[in-house]
Amino acid sequence: MIGMTILQPVVALMIWTMIVWAWMYAARIPAMQASKDIDTKNLHGGTGKDLDGVLPDRVQWKAHNYNHLHEQPTVFYAVAIVLAIIGAGDGVPALLAWIYTGLRVIHTIVQVTANKVMVRFVLFAVSSVVLIALIGIAAARVFG
């Protein structure tokens, strides 16, 4: 199918998001059970953000990254689907999509381990430029 190669990095990023989801709960559930500040049997309401300052930062970093994977990547998914629909998802757009996905994976690894803000910022900024390029390609095809 012409223009559909771009869907491979889309699905890869979806898979990565679910890996991070599992990683988050693998860290968060034992930390909640071990916490003296959380009564898991009588826990009601609240959000994951409420656990900041209660659970160790290293545990929460995984949850923060999981949330990040639902922010800007939604624009990536949309532009990739547009490019696939119009048959323009092969070649350079597919390569850019793989670069974007790779940068997001690296961003996750940095955030959930060392969480160095400047490293994360550079990765986010570069991935944003790649996303802008994909949007530019889509705009040129759709409006051109």
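Me: What counts as a helix or a strand in this predicted model?

Reply: Helices are DSSP runs of H or I with at least four residues, strands are runs of E with at least two, and both are numbered from the N terminus. The protein chain has 5 helices and 0 strands. Read along the sequence, its pattern is therefore α-α-α-α-α.

Me: Why are α2 and α4 called roughly antiparallel?

Reply: The axes of helix α2 (residues 57–68) and helix α4 (residues 92–112) cross at roughly 155 degrees and come within 8 Å. Angles over 145 degrees count as roughly antiparallel, so α2 is roughly antiparallel to α4. In handedness, the crossing of α2 with α4 is right-handed.

Me: Which residues of α2 and α4 meet?

Reply: From α2 come Arg58, Trp61, Lys62, His64, Asn65 and His68, and from α4 come Arg104, His107, Thr108, Gln111 and Val112. By class, this contact has 2 nonpolar, 6 polar and 3 charged residues. His64 is one of the residues in the contact, and His counts as polar because the charged class holds Asp, Glu, Lys and Arg.

Me: What makes α4 and α5 roughly antiparallel?

Reply: Their axes cross at roughly 160 degrees and come within 9 Å. The cut-off is over 145 degrees, and α4 and α5 are therefore roughly antiparallel to each other. The crossing of α4 and α5 is left-handed. Among the residues in this contact are Leu96, Tyr100, Leu103 and His107 of α4 and Leu123, Phe124, Leu131 and Leu134 of α5. The contact of α4 with α5 divides into 18 nonpolar, 3 polar and 2 charged residues.

Me: At what angle do α3 and α5 pack, and what is the handedness of their crossing?

Reply: Helix α3 (residues 73–85) and helix α5 (residues 117–143) pack at an angle of about 35 degrees, with their axes 10 Å apart. Their crossing is left-handed.

Me: How do you know that the contact of α3 with α5 has no polar and no charged residues?

Reply: The contact is made by Val75, Phe76, Val79, Val82 and Leu83 of α3 and Leu131, Leu134, Ile135, Ile137, Ala138 and Val142 of α5. Ala, Val, Leu, Ile and Phe count as nonpolar, so the contact has 11 nonpolar residues, with no polar and no charged ones.

Me: Which residues are closest to the centre of the largest pocket?

Reply: The largest pocket holds about 180 Å³ of space. Of its 13 lining residues, Leu43, Gly45, Thr47, Asp50 and Leu51 are closest to the centre. The lining comprises 5 nonpolar, 4 polar and 4 charged residues.

Terms used: Residues are numbered from 1 along each chain as its sequence is written. This is a predicted model: local features need pLDDT of at least 70, side-chain atom pairs count only at pLDDT 80 or more; totals for chains, interfaces and linings use all residues. Side-chain values use heavy atoms; hydrogens and water are left out. On a 1 Å grid over the protein atoms alone, a cavity is a set of points where a 1.4 Å probe fits but cannot get out, and a pocket is an open set with protein on both sides within 12 Å along at least five of seven lines; lining residues have an atom within 4 Å of a point. Grid points are joined across faces, edges and corners, and a volume is the space filled by probe spheres set on the points. Axes are lines fitted to C-alpha atoms, for helices over the stretch in contact, and angles run from 0 to 180 degrees between N-to-C directions. Angles under 35 degrees count as roughly parallel, over 145 as roughly antiparallel, 65 to 115 as roughly perpendicular and the rest as oblique. A crossing is left-handed if the near helix is turned anticlockwise from the far one by less than a right angle, and right-handed if clockwise. Contact means heavy atoms within 4.5 Å.
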